[in-house]
Amino acid sequence: MAKRKVVDPDANKAEADMTPMIDVVFLLLIFFMLATKFKMPEGTLRSYLPKNRGESNSRPMLSENCRVTLLYQGDQVVAYADQAQVPTSDVLDSDFELHTGVPGPNLDFIEQHILRRRDTYVALGDTATLPVVIDFAEKVPYKYVIDVLNICSKLEIENIAFAQPETPMD
Amino acid sequence: MAKKKVKLARKGVDMDMTPMIDIVFLLIVFFMVVTELTVQQAEVILPVASEATVEEPQPGSRILFVNVSFNKEGEEVIQLMNGPAMTPEELELALKLEAEAYGLWEDNPANPDPAARLSRLEVTIRCDQGAESGNIHKIFAACSKAKIYQVRCAAIGERFEDPYNPE
């Protein structure tokens, strides 16, 4: 009786050599790993424009608001919190200031001022929280407007208005 | 009769490469997708604001980006999305067209719900931190005239590297 032949299932299989493919694949992997630069997620500061028309400035209540004025004088931002001039910061505290080499206004001073005004604010009429008006000259770098907005956001001030730019007194 | 065991004449250990290749391909595809090989638009250096929040867009809303950046000549350029540079007047017109095309124009009689008549278009202003802030007056005015009332100012929560001197 003929002996049954044992068939090796792998005997007739064509086998591809994986080594070059894996070489290339690892090369690609390393390339893309090195070429990748992850971006920081961008956040936003929310704001709502008036749905109908901007409010008229003639409302008497506006004398109760807190006004932050940003002027641009000789390449430097000069800030006023209500009538008080904001001292210039002693340090260059952001990448923008390091880039320009010009220190900006002391943001802590503005924050303290708005905080004081907020805590002593007596609600008038329909405005439950302190209205803050940010009045900035056209040439002021955008960063400082966002800084003031950020302070307002930190202090949970909801009523923020942008004034039309004011020209310096002189 | 006990069946004779089939003995494979193999020497050495044979590793199964399939799972490894699966994972490696997965990684390649991942890195390919996240890699930005070309920067199509001018880079905007956003200001840093610790209170900036990353929010998911509301269902049914559409976000338009208005970029204010510096071109190669150092001039400030306003763009809607990746489009060409435009003046504030052109931006206003473009925003109006977007608002009309989006179908939630305030005067659209097809919207019986008064709340829905207000545009649910949102505009996010991505303005370079060194650009003149007078631009946002113009953009706000353009949005207001296009009856888009949800406007956001883009900022970055924190930054670890100096954007002016990239390595």
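How many residues lie between β2(A) and β3(A) in the hairpin that they form, and which residue in the turn has a positive phi? In this predicted model, the hairpin of β2(A) and β3(A) has 2 residues between its strands, and Gly74(A) in the turn has a positive phi of about 55°. The two strands, β2 (residues 66–73) and β3 (residues 76–81) of chain A, pair in the antiparallel sense over 6 bridges. Within this pairing, Tyr72(A) stands opposite Val77(A) in β3(A).

Strand β2(A) also pairs with strand β5 (residues 132–136) of chain A, here in the parallel sense and over 5 bridges. In β5(A), Val133(A) is the residue that stands opposite Arg67(A).

Helix packing in chain A was examined for α3 (residues 107–119) and α4 (residues 142–154). The axes of these helices come within 10 Å and cross at roughly 40°; α3(A) and α4(A) are therefore oblique to each other. Their crossing is right-handed. From α3(A), Leu107(A), Ile110(A), Glu111(A) and Ile114(A) meet Asp147(A), Val148(A), Ile151(A) and Cys152(A) of α4(A). The residues of this contact comprise 6 nonpolar and 2 charged, with no polar residues.

Chain B contains 4 helices and 4 strands, arranged from the N terminus in the order α-β-β-α-α-β-α-β. Of the 167 residues in chain B, 26% are buried. Among the contacts in chain B with a separation of 6 or more, 65% are accounted for by residues 24 or more positions apart.

The contact between the two chains takes 42 residues from chain A and 50 residues from chain B. On the side of chain B that touches chain A, at least two residues each are supplied by α1 (18–34), β3 (121–127), α4 (134–145) and β4 (150–156). The most is given by α1(B), with 8 residues. By residue class, this side of chain B divides into 31 nonpolar, 12 polar and 7 charged residues. Strand pairing also links the chains: β1 (residues 42–48) of chain A and β4(B) pair in the antiparallel sense over 7 bridges. In this pairing Arg46(A) stands opposite Arg152(B) in β4(B).

Terms used:
Residues numbered from 1 in each chain as written. Chains lettered and ligands numbered in written order. Predicted model: local features only at pLDDT ≥ 70, side-chain atom pairs only at ≥ 80, totals over all residues. Contact = placed C-beta atoms within 7 Å. Nonpolar A, V, L, I, M, F, W, Y, C, P; charged D, E, K, R; others polar. Pairing = 2+ DSSP bridges. Buried ≥ 20, exposed ≤ 12 C-beta atoms within 10 Å, placed from the backbone. Axes fitted to C-alpha atoms, helices over the stretch in contact; angles between N-to-C directions. Parallel < 35°, antiparallel > 145°, perpendicular 65-115°, else oblique. Left-handed = near helix turned anticlockwise from the far one by under 90°.
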